[in-house]
Amino acid sequence: MLASFSRVKPCRWLLPDIFIGSILGPDVSRKDLTLFSHEVTGGVRHVSSSCSLCAKARGKKEMSEKKLTRHFVDHRRVKLVAGSGGKGACSFHSEPRKEWGGPDGGNGGDGGSIIIKADQFVKSLAQIDPGYKGEDGQSGGSKNCYGRNGSPIYIHVPLGTIVKEEGRIIVDLAKHGQEYLAVFGGVGGKGNRFFLSNENRAPVTATPGMMGQERVLQLELRTMAHAGLVGFPNAGKSSLLRAISNARPAVAAYPFTTLNPHVGIVKYRDHEQIAVADIPGIIQGAHLNRGLGISFLRHIERCRFLLFVLDLSIPEPWTQLQHLHYELDQYEPGLSQRPRAIVANKIDLPEAREKLATLRSHVRERVIPVSAVTGQNTEELILHLRELYDGYLHGEGSGERKPLRW
């Protein structure tokens, strides 16, 4: 059957040259036939008969939340303009046998407000637009018809987003579903029916709607985690987070591999979970905003306790701890004094044993030697992390814990 269909020749009368040649006659030359067909068809020799539904969409596709995490954004400046109220109507009721029915102009609808809402499924501020405009309310109509109110607009932000206005903190969205009414919609105007009274039986007054509120706000995201891994670049923080949690940040043999904070979850047998944040590397002078210091230090403010990760491959690893304490205290006094632990990474190196003994002689805090590459002694770190977490919960329940500055 297929072979018989393949031998069938296409109909020659469908070709434009043959069809035009049958009209002009057999005496027309091939050159004239080509020129005539070009003029008739407008130079279009090949026309696609496919429908528009089969064509490939050329519009810009909306990025998924998984791809948005690659473009991590922790700061946005947005302009919010609420919807304006609809104007009131001025009309009078009139129908047969009731010519003087009185005023029947309805009120205008209220403008739509803009609400900022915390959503635990949103991970970044990358999807936030620079400006939002609320829906205006509809105008009132005759026969006492009121205008429809404008629908509110919800802006979904991650947990831990702080809303600021001119540098002043307005609200901290730390719980899922928490809402903040950023700008109010304008009130709708009044129709002439509203002004009906015994003294004025035929009012002709109608008011316009009010303008919506307008504000410029700053949205700042501060990572919500119980513990924060703090250290200099290339200290092995990302490798350590991969070893103790389910997070999979990028790991490479060069500094500043981590440009955005990563949060991993450490799970225990009693189903308790502790969030650990991998803060990008801090350099000397970070409190002076060298590099991206302020952007990185801002995420440490939300951590309840800190894990200082030191690199045992350098000649004097205890100097890193001094520099880290100085940078944190210069950014916020007392930030380095939160419940903490010192993690001495890269213990698998041959020269690390001698440096570990010297490090313990220079510090008073507990030093936990680990190897993020081989997984050596990571169990001790996980157990100590649970001790810090239980101590934080005990201090929170007794009221002895010092409140954090948001």
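In this predicted model, the backbone oxygen of P158 lies 2.6 Å from a polar atom of the side chain of T161. T161 itself is buried, whereas G101 is partly exposed. One aromatic pair is counted, and it is formed by F194 and F195.

**T161 and its surroundings**
- T161 is part of strand 5, which covers residues 161-165.
- The relative accessible area of T161 is 0%, so this residue counts as buried, the cut-off being under 20%.
- Leaving aside residues up to four places away in sequence, T161 touches L125, V171, D172, L173, L219, E220 and L221.

**G101 and A202**
- G101 sits in the loop that runs between strand 1 (75-81) and strand 2 (114-118).
- With a relative accessible area of 29%, G101 is partly exposed.
- From C-alpha to C-alpha, G101 and A202 are 9.8 Å apart in space, while 101 residues separate them in sequence.

**The aromatic pair**
- The count of aromatic pairs comes to one.
- The ring centres of F194 and F195 are 5.3 Å apart and the ring planes stand at 90°, so the pair is edge-to-face, a class that requires over 60 degrees.
- F194 is partly exposed at a relative accessible area of 49%.
- F195 also counts as partly exposed, with 28% relative accessibility.

**Charges over rings**
- K190 places its charged end over the ring of F194, 5.1 Å from the ring centre.
- The charged end of R386 sits over the ring of Y268, 5.1 Å from the centre of that ring.

Technical notes
Residues numbered from 1 in each chain as written. Predicted model: local features only at pLDDT ≥ 70, side-chain atom pairs only at ≥ 80, totals over all residues. Heavy atoms only, no water. Helix = DSSP H or I, 4+ residues; strand = E, 2+ residues; numbered from the N terminus. Buried < 20%, exposed > 50% of the residue type's maximum accessible area, 1.4 Å probe, protein only. Polar contact = N/O pair within 3.5 Å; in protein donor to acceptor, adjacent residues only side chain to side chain. Contact = heavy atoms within 4.5 Å. Phe/Tyr/Trp six-rings, centres within 6.5 Å; stacked < 30°, edge-to-face > 60°. Lys NZ or Arg CZ within 6 Å of the ring centre and 35° of its normal.
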